[in-house]
Amino acid sequence: MEGINLGKYNIFNKDIESIKINQSKLIINTINAHSYIVAKEDLAFKKALEESDVLLPDGEGIVLMTKVLTGKKIKKIAGADIHLKLLDQANKENLNCFYLGSSKETLDLIRTNLSKKYPNIQFGFFSPPFKKVFSKTDSQNMIHKINDFETDILFVGLTAPKQEKWVSENKNFINAKVICSIGAVFDFIAETKKRAPKWIIDRRFEWLYRSFTEWRLTKRYLYSTPLFLIEVYKLKYFKKNKR
């Protein structure tokens, strides 16, 4: 899907409603300042992001980078936003949605919460083994579960960058129309973690809210944010000097 080019990343810059489910397979990923920095060292992760059909700007850092480097304004679209958009469409069209990842307890909570809100969707779930790297047998079993359910939309919550790399390696064997990696959104759906209130999101401070509520993310922001800002400056400086 056409977007704004940031190096080899094709950043989605349209209204989220323009994303449609059709017969061709659609790979949807998200990118933020932290994943941008991680992908500089993890080439398999970088490849997975570059090959996305839709790469959503899930962070104010990417919004800033786009503005600084291209002069164009784009809107942040979080994994939670695309999840709700796809569920609305699935409910209208009586589609099958499959959730891959997280614990069985979390998936049971997701089933309870979503079944009430989306009565026209058939939901499938599978909690894969908690491993840093899946074996070939693990992946084959996961793919079998997905395809056997006749999945239309696959939501993957294996945490980044593992989820994006797994999808990149196995997408050709998965029959779903949409494959969407949404990571932490699984916890938001299960309500084991709270997303920031809408007024905070509207004021572009969701990252600050999450850094106060999750120490893991605080450490991540402290590491990646300075590196990302340096990257933006370097790219802007070199671009200016190439003129």
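A residue is called buried when its relative accessible area is under 20%, exposed when it is over 50%, and partly exposed in between (1.4 Å probe, protein chains only). By this criterion, buried residues make up 50% of the 243 residues in the protein. The structure is a predicted model, in which local features need pLDDT of at least 70 and side-chain atom pairs count only at pLDDT 80 or more, while totals for chains, interfaces and linings use all residues. Residues are numbered from 1 along each chain as its sequence is written, and side-chain values use heavy atoms, with hydrogens and water left out.

Contacts are defined by heavy atoms within 4.5 Å. Among contacts with a separation of 6 or more, 71% are accounted for by residues 24 or more positions apart. The accessible surface comes to about 13,200 Å², and carbon and sulfur atoms hold 54% of that surface. These areas come from the Shrake-Rupley method with a 1.4 Å probe; for residues, only the protein chains shown count as cover.

A salt bridge was assigned where a side-chain nitrogen of Lys or Arg lies within 4 Å of a carboxyl oxygen of Asp or Glu, which gave a count of 8. One of these salt bridges pairs Lys-85 with Glu-17, with 3.9 Å between the closest N and O atoms. This pair links distant parts of the chain, 68 residues apart: Lys-85 belongs to helix H4 (residues 79-93), and Glu-17 to the loop between strand E2 (9-11) and strand E3 (26-31). Lys-85 is buried at 8% relative accessible area, whereas Glu-17 is partly exposed at 45%.

A salt bridge between Asp-108 and Lys-104 has an N to O distance of 3.0 Å. Both residues lie in helix H5 (residues 104-117), 4 residues apart, or about one turn of the helix. Asp-108 is partly exposed, with 33% relative accessibility, and Lys-104 is exposed, with 53%. In the salt bridge of Lys-131 with Asp-138, the closest N and O atoms are 2.8 Å apart. Here Lys-131 is partly exposed at 35% and Asp-138 is buried at 13%. Elsewhere, salt bridges with shared partners join Lys-47, Glu-51 and Lys-171 into one network.

Grid points were joined across faces, edges and corners, and volume is the space filled by probe spheres set on the points. The count was 1 cavity of 30 Å³ or more, and the largest cavity has a volume of about 40 Å³. Its lining consists of Ile-27, Asn-29, Ala-48, Glu-51, Glu-164, Val-167, Ser-168 and Lys-171. Strand E3 and helix H7 (162-170) each supply at least two lining residues, and H7 gives the most, with 3. The lining has 3 nonpolar, 2 polar and 3 charged residues, where Ala, Val, Leu, Ile, Met, Phe, Trp, Tyr, Cys and Pro count as nonpolar, Asp, Glu, Lys and Arg as charged, and the others, Gly among them, as polar.

Asp-152 is placed in the loop between helix H6 (136-148) and strand E7 (153-157) and is buried, at 12% relative accessibility.

Technical notes:
1 Å grid on protein atoms, 1.4 Å probe; cavity = no way out; pocket = protein on both sides within 12 Å on 5 of 7 lines; lining within 4 Å.
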